[in-house]
Amino acid sequence: MSAAAILITPVPRYLAERSSPEDEHYVFAYTITIANQGDERVTLISRRWLITDANGKRTEVEGSGVVGEQPAIAAGEDYTYTSGVSLETPVGVMEGFYLLRRDDGSEFEAPIAPFRLAQPNVIH
């Protein structure tokens, strides 16, 4: 199975109630669905994010699993979780990859295409 058999769908949203633009603090939640379109089970081992704000500030985040879990995703199944990030600007971009392990112990990276974090009505 290749990374192409893993479909990653991010849905970001701005959390106005947790943000304070006057303090350059913008909070976003993102819900990620990881769909296993392959024919064997995979386990999400770790993640690596590159987060870039509108000032060009880049932050790398690495860690095991997601939201404290290392979910096993059966063939034809999906896994959804929600997490969050804060930025110093009203717009940013996240991208990265998940490291997944097949049942035979082999591992591969599933890329997460860049997606935009944006306070509503900032970008026209």
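Reader: What do the numbering and the confidence limits rest on?
Author: Residues are numbered from 1 along each chain as its sequence is written, and in this predicted model local features need pLDDT of at least 70, side-chain atom pairs count only at pLDDT 80 or more, and totals for chains, interfaces and linings use all residues. Side-chain values use heavy atoms, with hydrogens and water left out.

Reader: Why is Ile 32 called buried?
Author: Buried means under 20% relative accessible area, exposed over 50%, and partly exposed in between, with a 1.4 Å probe and protein chains only. Ile 32 has 0% relative accessibility, so Ile 32 counts as buried.

Reader: Why is Thr 52 called buried?
Author: The relative accessible area of Thr 52 is 19%, and the limit is under 20%, so Thr 52 is buried.

Reader: What is Thr 52 in contact with, leaving aside its neighbours within four places in sequence?
Author: Contact means heavy atoms within 4.5 Å. On that basis Thr 52 is in contact with Lys 57, Arg 58, Gly 92 and Val 93.

Reader: Where is Ile 32 placed, and what does Ile 32 touch?
Author: Ile 32 lies in strand 2; strands (E, at least two residues) and helices (H or I, at least four) are DSSP runs, numbered from the N terminus. Beyond four places in sequence, the contacts of Ile 32 include Ile 8, Trp 49, Tyr 81, Tyr 98 and Phe 115.

Reader: How do you know that strand 2 and strand 6 pair?
Author: Two strands pair if DSSP finds at least two bridges between them. Strand 2 (residues 26–36) and strand 6 have 10 bridges in the antiparallel sense, so they pair.

Reader: What makes strand 1 and strand 6 edge strands?
Author: The open sheet has three strands in the order 1-2-6, with antiparallel pairing. Strand 1 (6–14) and strand 6 (78–87) each pair on one side only.

Reader: How do you know that strand 3 pairs with strand 4?
Author: Seven bridges join strand 3 to strand 4 (residues 58–64), against a limit of at least two, so these antiparallel strands pair. Arg 48 stands opposite Glu 62 in strand 4. Four residues lie between the strands of this hairpin, where Gly 56 takes a positive phi near 85°.

Reader: What makes a set of residues a nonpolar core, and which have the most contacts inside the largest one?
Author: A nonpolar core is a set of buried Ala, Val, Leu, Ile, Met, Phe, Trp, Tyr and Cys residues joined through side-chain atoms within 4.5 Å. The largest has 26 residues, and those with the most contacts inside it are Ile 32, Ile 34, Trp 49, Tyr 81 and Tyr 98.
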